[in-house]
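Have the sequence at hand as you go through the points.

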Amino acid sequence: MSLIEVNGLNSYYGDSHILFDVAMHVERHEVVALLGRNGAGKSTTLKSLMGVVTPRSGSVKFDGIDIAGRRSHRIAQAGMQLVHEERRIFGSLSVEENIVLAGFTAPKRWPLDRIYEMFPRLKERRNNRGTELSGGEQQMLAIARALVRDPKIVLLDEPFEGLAPVIVHDLVKACRELAAAGQTIVLVEQNLAATLALASRIYIINNGHIVHEGPAQELKAQPELLQRYLGV
Ligand SMILES: Nc1ncnc2c1ncn2[C@@H]1O[C@H](COP(=O)(O)OP(=O)(O)OP(=O)(O)O)[C@@H](O)[C@H]1O
């Protein structure tokens, strides 16, 4: 049984039909990436999985249970975490307070030591307020806030966007360690090199339709797909 199995998913904003019969699956311990141009529907897909957007129709099975239509806090309680593009950390709280607070209501938690082993930078900055962090540190903190809840799956929405290459390198390394430890991840990213360094399987979404699915390695040999759907 797949950890996530999506079928016939349709999502709207008001009258705007955004996702059209999306079908996808994610296996345990897999890193899957969702690629596509700006506005293709990537964030909406993650939000529809997480219950931030309520799908109008279709099924979303998470660990065997249909969660479509459930509220996002209940989906989080079942073990899914979405790291939003805008990070959503508390600027007035310290790094450590941010992490502890995020883990507060989780049924299971990572010990802080494990978080700090993965992000040594956060350990150095643990007494700094959220507002005092660089963009890269904020992103590490946003991911740490998801991981502390020991999720079955983490959805990462453009985690590398707007960050300097050296920070992206550190974050990719941390994500690779996470994946090697068996963490299931769904990644939405515009940075193709970072995506291919992390994901084993790729979906491409275009105008709300899944138009391609296959191993990440194959994508490099398909320049026409990259050109047509990603403009690269
Ligand atoms: N809250 C909203 N209300 C109305 N329309 C929205 C809303 N959020 C997104 N959209 C529209 O839905 C479509 C899909 O947006 P989505 O954010 O899922 O795209 P994306 O692939 O994640 O792109 P990006 O990389 O720009 O975030 C776009 O046309 C966008 O303008």
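For residues 4-232, UniProt lists "domain: ABC transporter" in an unreviewed entry; UniProt positions are given in the numbering used here, feature names are shortened, and annotations may be inferred rather than shown by experiment. Over residues 4-232 the chain is 37% helix and 27% strand, with its end C-alpha atoms 29 Å apart. Helices (H or I, at least four residues) and strands (E, at least two) are DSSP runs, numbered from the N terminus. This is a predicted model, in which local features need pLDDT of at least 70 and side-chain atom pairs count only at pLDDT 80 or more, while totals for chains, interfaces and linings use all residues. Residues are numbered from 1 along each chain as its sequence is written.

**Around the ligand**

- The shell around the ligand consists of Y13, S16, I18, G36, N38, G39, A40, G41, K42, S43 and T44 (a residue is near a molecule or strand if its C-beta atom, placed from the backbone, lies within 6 Å of it).
- Two elements, β2 (16-26) and α1 (42-50), each give two or more residues to this shell.
- The largest share, three residues, comes from α1.
- By class, the shell has three nonpolar, seven polar and one charged residues (Ala, Val, Leu, Ile, Met, Phe, Trp, Tyr, Cys and Pro count as nonpolar, Asp, Glu, Lys and Arg as charged, and the others, Gly among them, as polar).

**The antiparallel sheet**

- Four strands form an open sheet in the order β2-β1-β4-β5, with antiparallel pairing (two strands pair if DSSP finds at least two bridges between them).
- The edge strands, β2 and β5 (65-66), each pair on one side only.
- Seven bridges link β1 (residues 4-13) to β2 in the antiparallel sense, and the bridge partner of I4 in β2 is V26.
- Helix α1 packs on the sheet and touches β1, β2 and β4 (57-62), where contact means C-beta atoms, placed from the backbone, within 7 Å.
- The direction of α1 makes about 70 degrees with that of β2 (axes are lines fitted to C-alpha atoms, for helices over the stretch in contact, and angles run from 0 to 180 degrees between N-to-C directions).

- Five of the five residues of β3 (residues 31-35) are buried (20 or more other C-beta atoms, placed from the backbone, within 10 Å of a residue's own).
- V31, A33 and L35 point one way from β3, and V32 and L34 the other way.
- β3 pairs in the parallel sense with β8 (residues 184-188) over four bridges, and V31 has I185 as its bridge partner there.
- Four bridges also join β3 to β9 (residues 201-206), running parallel, with L34 opposite Y203.

Conventions. Two residues are in contact if their C-beta atoms, placed from the backbone, lie within 7 Å. A residue is buried if 20 or more other C-beta atoms lie within 10 Å of its own, exposed if 12 or fewer, and partly exposed in between; C-beta atoms are placed from the backbone.
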